[in-house]
Amino acid sequence: MAVRESGEDYLKAILAIGRGRGFVRAVDVAGRLGVSKPSVSKALVGLAREGCVEVVAHEVRLTERGRAMAERMRERHEFFRALLVGCGVNAMVADEEACRLEHCLSDESFRRLARAVVQAGPSPDAAAAARTAEALCEPGGVPGGQGARP
C-alpha cells in the first residue's frame with residue numbers, strides 16, 4: 001500500500017525536526033504539524049507498517065525508504081516554493097501552496113516540469129508567457145468568465 005499525502009507530510013516533518021534537533025519524538029511532530037499526539041501515534045503505526053519509520057524508546061527514526069520519500073517531498077517543496085516566489089508570490093503563500101503542489105504530480109511529470117523550468121530559464125518568451133498569464137487572471141480571462149482576481 002502506498003503512503004498517502006498526510007503520511008508524506010509526517011515524513012517531511014520528521015526529516016526537518018531530525019535535522020534541527022538531532023532526534024525526533026512524537027510530541028515534536030505533533031507540535032510541528034499542529035495535530036494531536038494520538039493522531040501522530042496512529043500515523044506512525046501506519047508509517048511503520050509501510051517500512052518508513054521505526055519508533056525506538058520514544059524516538060522516531062526514518063528508515064532508508066522513509067528518508068528517501070521525505071527527501072523527495074522536501075525537494076519538491078523547495079522547487080515549487082522557489083518557483084512561486086520567483087513569480088512574485090508572497091513567501092508565506094508560496095510555502096503553503098508548495099505544500100499542496102508537492103503531492104500533485106507523478107515522479108515522471110515532476111521530473112519533466114523541473115527539467116522544462118531549468119531549460120527555459122530567462123527567455124524572450126517569458127514576457128509573452130507573463131502577459132498571457134496576466135490576461136488569464138483578469139475577470140473573463142479564464143474560460144467560463146471566472147478570473148483569479150475578484
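## A first look at this model

Confidence in the chain is lowest in helix α7 (residues 124-137), with a mean of 56, and highest in β2, at 95. The score here is pLDDT, the predictor's confidence in each residue, from 0 to 100. Over the chain, pLDDT averages 82, and 79% of the residues score at least 70. Over residues 142-150 the pLDDT is below 50, and beyond near neighbours in sequence this stretch has 14 contacts in the model. A contact means heavy atoms within 4.5 Å.

This is a predicted model, so to speak of local features a pLDDT of at least 70 is needed, side-chain atom pairs count only at pLDDT 80 or more, and totals for chains, interfaces and linings use all residues. Residues are numbered from 1 along each chain as its sequence is written, and side-chain values use heavy atoms, with hydrogens and water left out.

A word on the names: helices (H or I, at least four residues) and strands (E, at least two) are DSSP runs, numbered from the N terminus.

### The hairpin

Let's start with the strands. β1 and β2 run antiparallel and are joined by four bridges; two strands pair if DSSP finds at least two bridges between them. Val 56 stands opposite Glu 59 in β2. The hairpin has two residues between its strands, and the loop between β1 (53-56) and β2 (59-62) is where you'll find Ala 57. His 58 is in the loop between β1 and β2 too.

What is the phi of Ala 57, which is not a glycine? It is positive, at about 50°. His 58 isn't a glycine either, and its phi is positive at about 70°. Ala 57 is exposed, with a relative accessible area of 72%, and His 58 is exposed as well, at 70%. For these labels, buried means under 20% relative accessible area, exposed over 50%, and partly exposed in between (1.4 Å probe, protein chains only).

Now for the inside. A nonpolar core is a set of buried Ala, Val, Leu, Ile, Met, Phe, Trp, Tyr and Cys residues joined through side-chain atoms within 4.5 Å. The largest one has 20 residues, and Leu 11, Ile 14 and Val 53 have the most contacts inside it. Which elements give two or more residues to this core? They are α1, α2, α3, β2 and α4. Of these, α1 gives the most, with five residues.

Leaving out residues up to four places away in sequence, Val 53 touches Leu 11, Ile 14, Leu 44, Leu 47, Ala 48, Val 60, Arg 61, Leu 62 and Thr 63.

Helix α2 (residues 26-33) is worth a look too: Ala 26, Asp 28, Val 29 and Ala 30 are buried there. The cover over the buried residues of α2 includes α1 (5-21), α3 (37-49) and β2. Just after α2, Gly 34 takes a positive phi of about 70°.

The structure holds three aromatic pairs. Rings of Phe, Tyr and Trp (its six-membered ring) pair if their centres lie within 6.5 Å; planes under 30 degrees apart count as stacked, over 60 as edge-to-face and the rest as tilted. One of the pairs is Phe 79 with Phe 110, which is edge-to-face at 5.2 Å centre to centre, with 85° between the planes. Phe 79 lies in helix α4 (residues 64-86) and Phe 110 in helix α6 (residues 107-120), so the pair ties together parts that are 31 residues apart in sequence.

### Burial of some side chains

| Residue | Relative accessible area | Class |
|---|---|---|
| Phe 79 | 17% | buried |
| Phe 110 | 13% | buried |
| Met 92 | 62% | exposed |
| Cys 99 | 29% | partly exposed |
| Cys 104 | 57% | exposed |

Met 92 lies in helix α5 (residues 91-101). Met 92 and Arg 81 are 11 residues apart in sequence, and 9.3 Å separates them in space, C-alpha to C-alpha.
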